[in-house]
Amino acid sequence: MKGFSLSLLKLNTAFEQALNAPVETLGWQKPVAFTPLRTLAHTPLHDSVEFTPSANANVARYLAAATGCLIALENRLNALDAKVGDGDTGSTFAQGARDIAQWLEEDRLPLDDLPQLLLVVGERLATVMGGSSGVLMSIFFTAAGQALRSGKSLPDALLTGLAQMKHYGGADRGDRTLIDALQPALEALQTGDLQAAASAAQQGADATAAWARPGPDAHPMSTKRICTG
């Protein structure tokens with residue numbers, strides 16, 4: 001079994017002389033002498049997104065529709081995932097959707113500040129969603145929020161989030177994951193047409209039915225499929 005041991009002894013003069021004594025053992029590293037610590041001024045670091053709740057009726061409507069759809073599809077997605085995986089995709093996404101829906105109902109979200117909203121959603125999903133899905137969705141929304149805050153348009157920011165999710169998740173279009181629906185939807189969203197984006201997502205999801213079954217060397221994420229509804 002691999003590991004290491006750590007011994008802690010109170011330093012005294014005899015120990016210090018012994019530790020600094022010359023030895024023939026090549027692997028023995030001479031102790032580093034204590035020196036005064038050098039400190040640098042730095043802006044405060046925060047372990048959570050700071051924001052002020054705000055209202056926006058249109059954003060609230062879209063967010064309610066998205067979370068409601070994921071919650072309604074919980075059993076259907078679980079059933080689909082059970083055919084190729086562990087049958088928990090619907091529950092995982094519904095758990096995240098319920099949390100965001102609750103924050104929406106309690107007027108706790110920065111609805112009138114889209115960059116901050118995406119960052120908050122990313123933070124919440126990392127907290128409440130389990131498994132790799134929560135991590136990947138957090139990466140997606142966090143990267144999108146940062147890109148939107150830097151001046152990118154919303155469609156471009158979402159594509160930036162997708163690129164980061166693909167980078168860290170390892171899957172790409174054609175691996176039979178949610179990316180096969182999400183990527184064409186976000187690309188179609190460049191025109192600003194939500195209906196075109198929805199149609200592209202459906203076409204991307206439907207296209208996976210005609211693909212060959214993944215082989216034994218397929219990417220692990222290819223066993224997870226998420227439908228659009």
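Reader: Ok, so buried means under 20% relative accessible area, exposed means over 50%, and partly exposed is whatever falls in between. Where does Arg108 end up on that scale?

Author: In this predicted model, Arg108 has a relative accessible area of 34%, so it's partly exposed.

Reader: And what does Arg108 form a salt bridge with?

Author: Glu106 is its partner, and their closest N and O atoms are 2.9 Å apart. Glu106 has 38% relative accessibility, so it counts as partly exposed.

Reader: How many salt bridges are there by this rule?

Author: The count comes to 5. One of them links Glu187 and Arg173, with 3.7 Å between the closest N and O atoms. Glu187 sits in helix 8 (residues 179–188) and Arg173 in the loop between helix 7 (154–169) and helix 8, so this pair ties together parts 14 residues apart in sequence.

Reader: Switching to helix 5 then. How many of its residues are buried?

Author: 11 of its 15 residues are, so helix 5 is largely enclosed by the rest of the structure. The buried ones include Pro115, Leu118, Val121, Gly122 and Val128.

Reader: What's covering them?

Author: The cover includes helix 2 (57–72), helix 4, helix 6 (131–149) and helix 7.

Reader: What should helix 5 span, going by its 15 residues?

Author: At 1.5 Å a residue it should span 21 Å, and the end C-alpha atoms are 21 Å apart, so the two values agree.

Reader: New topic: how do helix 3 and helix 4 pack?

Author: Their axes are 6 Å apart, at an angle of about 150°. The cut-off for roughly antiparallel is over 145 degrees, and helix 3 and helix 4 are therefore roughly antiparallel to each other.

Reader: Which residues actually meet there?

Author: From helix 3 you get Glu74, Leu77, Asn78 and Asp81, and they meet Thr89, Gly90, Ser91, Ala94 and Arg98 of helix 4. Sorted by class, that contact has 2 nonpolar, 4 polar and 3 charged residues.

Reader: Tell me about Asn78. Buried or exposed?

Author: Buried, because its relative accessibility is 13%. Asn78 lies in helix 3 (residues 74–82). Leaving out residues up to four places away in sequence, Asn78 touches Gly87, Asp88, Thr89, Gly90 and Ser91.

Reader: Where's Gly87?

Author: Gly87 is in the loop between helix 3 and helix 4. Its relative accessible area is 21%, so Gly87 counts as partly exposed.

Reader: And what does Gly87 contact?

Author: Setting aside neighbours within four places in sequence, Gly87 is in contact with Asn78, Asp81 and Ala82. Gly87 and Asn75 are 12 residues apart in sequence, and their C-alpha atoms are 9.3 Å apart in space.

Definitions and conventions. Residues are numbered from 1 along each chain as its sequence is written. This is a predicted model: local features need pLDDT of at least 70, side-chain atom pairs count only at pLDDT 80 or more; totals for chains, interfaces and linings use all residues. Side-chain values use heavy atoms; hydrogens and water are left out. A salt bridge is a side-chain nitrogen of Lys or Arg within 4 Å of a carboxyl oxygen of Asp or Glu. Buried means under 20% relative accessible area, exposed over 50%, partly exposed in between (1.4 Å probe, protein chains only). Helices (H or I, at least four residues) and strands (E, at least two) are DSSP runs, numbered from the N terminus. Contact means heavy atoms within 4.5 Å. Axes are lines fitted to C-alpha atoms, for helices over the stretch in contact, and angles run from 0 to 180 degrees between N-to-C directions. Angles under 35 degrees count as roughly parallel, over 145 as roughly antiparallel, 65 to 115 as roughly perpendicular and the rest as oblique. Ala, Val, Leu, Ile, Met, Phe, Trp, Tyr, Cys and Pro count as nonpolar, Asp, Glu, Lys and Arg as charged, and the others, Gly among them, as polar. The expected span of a helix is 1.5 Å times one less than its number of residues.
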